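Biologist: I would like to go through the terms used for this model and see what each one rests on.
Modeller: Ask about them one at a time.

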Amino acid sequence: MKTTKHIWAALLVGLLVLPAALAQTVRFTEHKLKNGLRVILSEDHSAPTYSIVVTYNVGSRDERQGRTGFAHLFEHMMFQGSENVGKGEHFIIIANNGGGMNGNTTSDRTVYFETLPANQLDLGLFLEADRMRSLAINQSNLDNQRTTVQEERRQRYDNQPYGRSFETLLATTYDNFAYKHSTIGSMEDLNAATVKDVAEFFRRYYAPNNAVLSMAGDFKSDEVLSKIEKYFGSVPSQPPPPAPDMAEPKQTAERRKTLDDPLAQLTRIDIAYKIPPGNTPDWYALAVLGDVLSTGQSSRLYQKLVREKQVALQANAGAMERPGPSLFIATLMVTPGKDPAEVEKLFYEEVERLKSETVTDAEMEKVRMSVRRGEVEQLQGTLYRAQALGENAVFYNDPDVINTSSEKIKKVTKQDIQKVARTYLTEANRTVVVTTPKPRAEGVR
Amino acid sequence: MKRHTLIAAIMLALTVGMLAAAGQDIAPETSKVERKNRAPVSKEVLHVSLPKATERTLSNGLTVLVLEDHRLPFISLQYNISAAGPIFEPSDLPGLASVTAQMLREGTKTKTSLQIAEEIARLGAAISASSGYGSSVTVISASGLSDNFEQWFTLTNDLLLNPSFPADELNRLKQRMKTQLRQQRASPGFLSNEMFSRAVYGSHPAAVVSSTVASIDAMTPEALAKWHRERYAPQNAILGITGDVRASELVPKLEKWLADWKKTELKEVLPPNPQIVPARRVLLVDRPNSVQTSVMLGNIAIDRRDPDFIPVSIMNHVLGGGSAARLFLNLREEKGYTYGVYSSVTALKYPGPWRAYGDVRTEVTDGAITEFFREFQRIRDERVPESELEDSKRSQVASFALSLESPNELLGYAIIRKIYGFPADYWDTYPAKIMAVTAADIQRVARKYINPDNIQVVAVGDVSKIKPVMEKYGPVEVYDAEGKKVGN
């Protein structure tokens with residue numbers, strides 16, 4: 001079945017250079033294979049390259065108790081070979097043909113992507129189709145990638161200052177297991193994963209009807225569609241996976257935790273407020289609010305906490321985008337010798353100011369300019385576009401959010417910002433995690 | 001909106017990925033890389049010719065490179081100012097170039113820090129200035145929409161030409177920098193890079209990777225103004241611009257806009273070159289509570305103009321230039337020691353090091369170092385198999401196509417050509433030069449630059465656990481996280 005979301009203006013098709021004034025919208029077409037694979041194509045001949053992205057509608061939110069970290073461990077298995085691709089060969093083939101590739105996992109989706117020269121169109125399709133159809137699942141690959149993922153955990157979390165702060169914040173804020181645990185997972189749970197788990201996860205979640213294939217770049221849509229049919233058409237569909245329970249109870253009192261960190265040098269304060277999912281009117285208002293608070297050196301937190309009062313080395317705040325119950329998060333790095341309680345109080349004063357008075361025209365204008373700039377920048381590379389199309393399809397069942405989100409941000413009013421500040425940025429709705437440097441034992445070994 | 005930095009940072013914190021941005025162990029060895037060669041690959045390498053920049057020299061000596069690209073209503077530019085980088089700093093003021101660059105945004109003759117910040121945001125522009133340690137240049141970068149280009153470019157030039165270095169803003173920056181000095185010592189990446197730079201560069205100024213409390217205290221508005229006055233000279237600078245701009249219209253305007261930037265007598269005179277360190281050393285930095293060891297191994301190799309640059313690049317690519325390279329496939333994909341290991345070559349106007357590096361869990365430190373040396377020995381002792389060499393060469397040539405997506409990358413190529421004085425057809429002939437490299441060339445440069453007898457081995461980790469196993473790799477020196485030597 002083929003549905004066309006945006007009709008290409010006839011005069012644009014085949015032009016090597018898109019006229020700048022018309023190039024502010026991401027144009028794309030949508031299609032669906034019989035096995036349920038959703039396909040989104042954004043043809044663009046401005047460079048001899050293309051990007052291919054497969055977004056699977058699965059993430060750490062789908063993990064069960066005792067298997068945290070599994071969705072990401074599984075992602076690593078997807079580079080371990082399939083019927084026609086050897087273990088590790090994926091890396092080699094892409095590199096040898098001048099491409100870029102990677103995969104990553106969040107709570108809500110898992111993506112795989114390649115950017116390649118345009119003359120290697122079949123290659124990207126073949127690699128993605130082969131592993132969707134016939135992943136090589138065996139004990140030695142699992143053991144090997146388990147150790148790699150455990151090293152990733154050590155390198156990015158356990159061996160870094162503040163490596164556990166964010167994990168603690170999630171665990172304290174959320175009540176529902178889906179978002180309560182981190183995507184990297186625990187060492188114990190990673191150790192518990194079995195080959196049977198891998199096979200079952202693959203069957204359930206890595207079916208074409210649970211995936212979106214999005215491509216952007218230098219190809220002809222008709223030609224690539226027939227190739228997609230050829231490579232992916234025979235991959236069997238599966239019963240749709242169960243929808244995860246994302247319900248998150250309302251928070252009624254402030255939550256607070258203190259964390260000792262032997263690797264940290266400064267105190268850090270993380271504050272999270274529960275907010276609605278992305279792509280909702282309130283979420284857009286909170287995104288603009290985050291901009292006013294902390295984007296750029298003219299922002300309120302930088303001017304007040306970092307520059308004027310010098311109580312914080314860094315002060316950031318913003319709305320996280322999640323398709324489920326999301327968070328507005330502030331992170332404050334406390335200047336040594338300053339009282340963390342004082343820094344926290346100054347932050348709340350800025351929050352209260354957002355409730356008592358509306359933001360200025362100048363601040364709204366800055367946001368509008370930053371949106372305009374973002375609209376242009378998102379057209380620069382093929383990978384960003386292909387990823388955003390796929391993610392919006394998986395998150396909101398609407399790839400066109402790549403275009404409509406700008407309009408929705410521009411529609412946010414000063415009153416909207418005041419309203420969401422009053423509704424969500426409240427004491428009862430917040431969770432605070434304070435990470436303090438733990439003094440080390442003196443002495444040299 | 002989705003690209004805003006904070007949200008991006010949060011998403012990054014939530015995202016776990018496939019790759020990093022790069023003995024007594026019991027890891028399974030049964031997991032071998034395998035090639036089936038069934039994927040449909042076009043044998044034709046997509047040869048691309050990079051667009052050529054229009055080049056002009058203004059009357060004040062400034063070189064201007066314009067790369068027109070009208071795909072989008074967007075413009076990016078950079079001033080690349082030679083003879084203004086940290087390697088020319090007075091030895092008692094490390095950080096002077098960087099602080100001067102950062103202070104450009106903090107006040108001009110007519111604008112306050114806050115006014116500058118407000119105007120940048122109001123214009124939807126981005127303007128930044130930096131001068132990285134070890135570098136010979138200061139770089140000022142700016143970008144924004146083409147319809148208000150003149151406004152944000154005028155602001156950029158105001159920062160470049162009329163900074164006022166206000167004392168109160170400088171004091172604020174100095175306080176923040178002192179905190180950062182402390183904070184950076186928590187990072188294993190900073191500690192390994194610091195120790196490695198000291199080890200390989202010796203008395204060369206590139207050994208410096210950070211300011212000090214003393215140098216920060218000693219920096220005054222006068223010192224910054226003097227550095228700016230003496231070092232930001234147009235005859236040593238390149239202005240590269242790419243995007244929706246017309247060279248023919250822009251260049252005459254530049255003469256007018258930059259008329260106050262006067263030519264001086266300053267020429268870039270490099271300090272004496274760093275030399276290859278003659279003997280192997282093992283330098284341990286103690287970071288108690290570490291669960292991994294961050295290792296970095298290497299020595300001084302070549303500068304960017306060296307005729308060996310291309311063979312060394314290919315050699316590096318085979319050894320550790322990514323996830324298809326030997327180090328990655330061996331230490332990660334087969335041994336499971338690490339999340340990623342890589343190698344790189346730093347080649348600037350003066351010789352810089354090649355290095356191999358990665359973070360490995362503490363228990364397999366010994367096994368990992370053994371494998372590093374095994375790979376070093378292999379690339380010296382055995383000729384790279386023809387197919388592996390061809391793959392590596394193809395990879396580098398084909399990746400040129402991807403750079404066509406990025407106007408900034410194309411501008412970077414044009415600037416590199418100019419900085420090093422390469423001929424006009426340098427990038428046109430580059431693919432052919434890559435394809436001409438032979439297995440014998442690779443072996444020759446591997447033997448010349450990767451010498452196990454003099455490799456500097458840096459390891460940051462829990463010294464109580466790793467010192468016993470590191471002693472077999474050479475004479476050990478132990479440092480604390482402040483960089484002070486505390487034992488052998």
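Biologist: Which residues of α2(A) are buried?
Modeller: In this predicted model, the buried residues of α2(A) are A:E89, A:H90, A:F91, A:I92, A:I93, A:I94, A:A95 and A:N96. A residue is called buried if 20 or more other C-beta atoms lie within 10 Å of its own, exposed if 12 or fewer, and partly exposed in between, with C-beta atoms placed from the backbone.

Biologist: What makes helix α2 of chain A mostly covered?
Modeller: Eight of its eight residues, 89-96, are buried. The cover includes β5 (100-105), β6 and α3 (121-134) of chain A, together with α13 (386-398) of chain B. Contact here requires C-beta atoms, placed from the backbone, within 7 Å. Helices (H or I, at least four residues) and strands (E, at least two) are DSSP runs, numbered from the N terminus. Just after α2(A), A:G98 has a positive phi of about 75°.

Biologist: How are residues and chains labelled, and which parts of the model count?
Modeller: Residues are numbered from 1 along each chain as its sequence is written, and chains are lettered from A and ligands numbered from 1 in the order in which they are written. As the model is predicted, local features need pLDDT of at least 70 and side-chain atom pairs count only at pLDDT 80 or more, while totals for chains, interfaces and linings use all residues.

Biologist: Why are β10 and β14 of chain B said to stand at the edges?
Modeller: The open sheet has seven strands in the order β10-β11-β9-β12-β8-β13-β14 (chain B), with mixed pairing. β10 (338-345) and β14 (485-487) each have a single partner strand, so one side of each is left without a neighbour in the sheet. Two strands pair if DSSP finds at least two bridges between them.

Biologist: How do you know that β8 and β13 of chain B pair?
Modeller: DSSP must find at least two bridges, and these strands, 281-286 and 476-479, have four, in the parallel sense. B:V282 stands opposite B:V476 in β13(B).

Biologist: Which helix of chain A packs on the sheet, and at what angle to β10(B)?
Modeller: Helix α4 (139-158) of chain A touches β9 (292-300), β10 and β11 (353-361) of chain B, and its direction makes about 70° with that of β10(B). Helix α10 (309-320) of chain B lies across β10 and β11 of chain B, at about 170° to β10(B). Axes are lines fitted to C-alpha atoms, for helices over the stretch in contact, and angles run from 0 to 180 degrees between N-to-C directions.

Conventions. Contact = placed C-beta atoms within 7 Å.
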